[in-house]
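Reader: I would like to go through a model with you, beginning with a contact list and then moving on to other topics. Could you have it in view before we start?

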Amino acid sequence: MGHDQIFKEFLRAFLKDFLQLFFPKDEARLDFGALRFLDTESFTSFPEGSSRAADIVAEVRRRNRARKILLVHVEVQAERRRTFRKRMFEYFTLLWMRHRVSIFPVAAYLRGGRSTLDEERFVIRLFGREQLVFRFPVVALARFDAREYVEKDSPVAAALASLMSRRRDRAPLNLRVSMMERVEQSGLDEARKLLLMTIIETYFELAEDEKPKFERLLSQERYREVKKMQLTWVDKMKEEGRKEGRQEGRQEGQREGKREALLRLLTSKFGPLPEKTASRVRAIESLEQVDRYLDRVLVASSLADMGLGD
């Protein structure tokens, strides 16, 4: 599972806590009692014709008499890029056109960023005039101080500290144990604890020479429950790995079967295939792409029509 996907899973489980940490005044105006995540927020109307999916879009209500619906859109970005502001504006526009409700957009940078909490803008200008200014808040996690967030009374803050700066911390291994201890003592259910552990294990990586030192530190009696939680996490990761392996095996079997079916259909319709064409078919990794070729072979009049010619 990629880093971005791990953070998206974290947001689905801890969206309220995330907003409370970084936007407490805004979070206090939202009612998460009827929280609902929208799972189909994908868009294909970008100028380049590509399809994109918004990372997290959640429906909540305002804490006022009107109780109006509002969308919270959080986009996870590995690092700050110039083109990202335009993409945030495009998502905002498309969400507005689809839902016609207020939208609270937030960007979370896992690395980089100009300052801890920032506001970025996308501006459309014509003849020296600003026609439109779109603003959205940004959380640059790597700019925060890790120790400060570990010391907060929040297991979510402690886990997120794994993404924060440790430059001024003289005992990073002790800091990592403190993160885990905050999670272990949080009172959260096991599933949520293990999700926060995944954040720590993923983003606070240990160098090879640090691993034995960390294990010795964790083996102290005072960290017995923390060690137990870590072992539970390891067992869970092993089981997930076995599941993913079985799933990948099934998918590879499907790919192989469909590729062979496509080769047989192509040969039946167009005669013996050039080796270059056969190699291209066998190299197709996407099941969706194989399916598109299988649909096309019924109406194509040549390999060129299929997009498989020389």
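Reader: Which residues does Met229 touch, not counting residues up to four places away in sequence?
Author: This is a predicted model. In it, Met229 touches Met180, Val183, Glu184, Lys193, Leu194 and Met197, with residues up to four places away in sequence not counted.

Reader: And where is Met229 placed?
Author: Met229 belongs to helix 9, which covers residues 224-270.

Reader: Is Met229 buried or exposed?
Author: Met229 is buried, because its relative accessible area is 8% and the cut-off for burial is under 20%.

Reader: What separates the C-alpha atoms of Met229 and Met180?
Author: The distance between these two C-alpha atoms is 8.6 Å, while Met229 and Met180 are 49 residues apart along the chain.

Reader: Let us turn to Ser178. Which helix is it found in, and what does it touch?
Author: Ser178 sits in helix 6, residues 172-184. Setting aside residues up to four places away in sequence, Ser178 touches Arg147 and Val150. Ser178 has a relative accessibility of 18% and therefore counts as buried.

Reader: What about Thr198: which residues is it in contact with, leaving aside neighbours within four places in sequence?
Author: Thr198 is in contact with Ile6, Trp233 and Met237 on that basis. Thr198 lies in helix 7, residues 190-203, and counts as buried because its relative accessibility is 11%.

Reader: Changing topic, what span should helix 3 have, and how far apart are its end C-alpha atoms?
Author: Helix 3 runs over residues 84-99, so its 16 residues, at 1.5 Å a residue, should span 22 Å. The expected span takes one less than the number of residues. The end C-alpha atoms of helix 3 are 22 Å apart, in agreement with that value.

Reader: Which residues of helix 3 are buried?
Author: They are Phe84, Arg87, Met88, Phe89, Glu90, Tyr91, Leu94 and Leu95.

Reader: What happens just after helix 3?
Author: Arg100 follows there with a positive phi of about 55 degrees, although Arg100 is not a glycine. Arg100 is placed in the loop between helix 3 and strand 6 (102-109). With 54% relative accessibility, Arg100 counts as exposed, since the cut-off for that class is over 50%.

Reader: And what is phi of Phe127?
Author: Phi of Phe127 is near 55 degrees, which is a positive value in a residue other than glycine. Phe127 lies in the loop between strand 7 (117-126) and strand 8 (129-140). Phe127 is exposed, because its relative accessible area is 71%.

Reader: Now pockets. What volume does the second largest pocket have, and which residues line it?
Author: The volume of the second largest pocket is about 220 Å³. Its lining consists of Asp26, Arg29, Leu30, Arg62, Arg63, Asn64, Leu70 and Phe104.

Reader: How does that lining of the second largest pocket divide by class?
Author: Four of the lining residues are charged, three are nonpolar and one is polar.

Reader: What share of contacts joins residues at least 24 apart?
Author: The share is 63%, taken among contacts in the protein chain between residues at least 6 apart in sequence.

Notes
Residues are numbered from 1 along each chain as its sequence is written. This is a predicted model: local features need pLDDT of at least 70, side-chain atom pairs count only at pLDDT 80 or more; totals for chains, interfaces and linings use all residues. Side-chain values use heavy atoms; hydrogens and water are left out. Helices (H or I, at least four residues) and strands (E, at least two) are DSSP runs, numbered from the N terminus. Buried means under 20% relative accessible area, exposed over 50%, partly exposed in between (1.4 Å probe, protein chains only). Contact means heavy atoms within 4.5 Å. On a 1 Å grid over the protein atoms alone, a cavity is a set of points where a 1.4 Å probe fits but cannot get out, and a pocket is an open set with protein on both sides within 12 Å along at least five of seven lines; lining residues have an atom within 4 Å of a point. Grid points are joined across faces, edges and corners, and a volume is the space filled by probe spheres set on the points. Ala, Val, Leu, Ile, Met, Phe, Trp, Tyr, Cys and Pro count as nonpolar, Asp, Glu, Lys and Arg as charged, and the others, Gly among them, as polar.
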